[in-house]
Amino acid sequence: MTATHLRLLSAAACLFATAAAFAAEPRPPFTPPSAAAIPDNDFGRAVREGEQIFLHTPQKAGKFVGNDLNCASCHLDAGRRPDSAPMWAAYVLYPAYRAKNGHVNTLAERLQGCFRFSMNGKAPPADDPTLTALQTYMFWLASKAPTGVVLEGQGYRKLPPPAQKADYVRGSEVYAQYCAVCHGAEGQGQKNGKHWVFPALWGADSFNWGAGMHQIGNAAGFIKANMPLGQAGMLSDQEAWDVAYFMNAHERPQDPRYTESVAATRAKYHDSDDSLYGIEVNGHLLGSDSPPSGGKLTQAAAKAGG
Ligand code: HEC
Ligand code: HEC
């Protein structure tokens, strides 16, 4: 075989590998190491620090967090659970191109987005110790996982399109029956004293309009696989779509990328059926009455400014 043949063969193998990695199949299973295996050394201490930030985000990274969610509110079991966008599966897929901002994102930049949108806060600098600790935790969770391979349980589940168009009234019934007991009748969540027990699903204390969870498809996939907590899997696909629609048909903090008007912001960032931002539901234009983005951080800045 000539050198040219070999080059062609290895180019073909490369193409094949890329296609295989990003096609639906096959998705190898992976189990992250247990917390007990975190090494007892300086590296291990950084892993633990990342885990603690992941579990207690407002307490451990308060200057970047505007709400009371933790990373683990949406990435269950400290970012371990399959089908809740587990961190071991994410780690091996970065740097990655993202349509959301139209360029290749490093993992640090991806995490900055989580703070800005899901945590309704602000992006830590790329070299901030908070991001280093989170990345160290993720790297460790992904120990011995193959790089660039979509692992089983990565991301949130993609449900097939609903048989009936997702519906607010049906969603409100699912919500009342299965969700309100923990997340509150008004989606406000529940506190025990100062400590949050059940996170808010909409309103001022929730994720903002720029967060991935405001997209109905992401929310439906997350809810179907993970909620009601402790009884996951009991909702039909249709119920998951309906309740995801209902949840995301409520006001939440403004999209921090807001420009000019709700209509212009929708056209620029939300122009898809997956987002209700800028859509009128029950006579209310969503996004027109949003609390300011930044939550607690914005309030603190306003106070400091007098
Ligand atoms: C309100 C729910 C929510 C919270 C809180 C949240 N995330 Fe996410 N996260 C999502 C959603 C939804 C996605 C996926 C989709 C998207 O953004 O389009 C995601 C995606 C990710 C990904 C990429 C996953 C992959 O497989 O590519 C990483 C990494 C991540 N989040 C880390 C974090 C970290 C770290 C925090 C805390 C600072 C956090 N998230 C807080 C909902 C959340
Ligand atoms: C038994 C209490 C309980 C029930 C019932 C429940 N949840 Fe949750 N939910 C939680 C907890 C606790 C979390 C945070 C996960 C964690 O900290 O482990 C959560 C997280 C969430 C999140 C992501 C975090 C956020 O605030 O956005 C969404 C979305 C959600 N639940 C939706 C629902 C929906 C929809 C239902 C009804 C189908 C539901 N939940 C039923 C307890 C519950």
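## Ligand 2

Which helices each supply at least two residues of the shell around ligand 2? They are α4 (71-74), α10 (180-183), α11 (216-226) and α12 (237-247). The model is predicted.

The shell holds 26 residues. Cys179, Cys182, Pro199, Met227 and Pro228 are the closest to ligand 2. By class, 23 are nonpolar and 3 are polar, with no charged residues. Domain 1 (41-142) and domain 2 (168-293) both contribute to this shell, so ligand 2 lies between them.

## Ligand 1

Around ligand 1 there are 24 residues. The closest are Cys71, Cys74, Ala90, Ser118 and Gly212. This shell splits into 15 nonpolar, 8 polar and 1 charged.

At least two residues come from each of α4, α6 (87-91) and α7 (107-118). Helix α7 gives the most, with 5 residues. Ligand 1 also lies between domain 1 (41-142) and domain 2 (168-293), because both give residues to its shell.

## Nonpolar core

The largest nonpolar core has 60 residues. Ile223 and Ala244 have the most contacts inside it. Helices α2 (42-55), α4, α5 (76-79), α6, α7, α8 (129-141), α11 and α12 each supply at least two of its residues. Domain 1 (41-142) and domain 2 (168-293) each provide at least three.

What does alanine 244 touch, not counting residues up to four places away in sequence? Its contacts are Ala166, Ile216, Ala219, Ala220 and Ile223.

Methods. Residues numbered from 1 in each chain as written. Chains lettered and ligands numbered in written order. Predicted model: local features only at pLDDT ≥ 70, side-chain atom pairs only at ≥ 80, totals over all residues. Near = placed C-beta within 6 Å. Helix = DSSP H or I, 4+ residues; strand = E, 2+ residues; numbered from the N terminus. Nonpolar A, V, L, I, M, F, W, Y, C, P; charged D, E, K, R; others polar. Domains from an automatic or database assignment. Core = buried A, V, L, I, M, F, W, Y, C linked by C-beta atoms within 7 Å. Buried ≥ 20, exposed ≤ 12 C-beta atoms within 10 Å, placed from the backbone. Contact = placed C-beta atoms within 7 Å.
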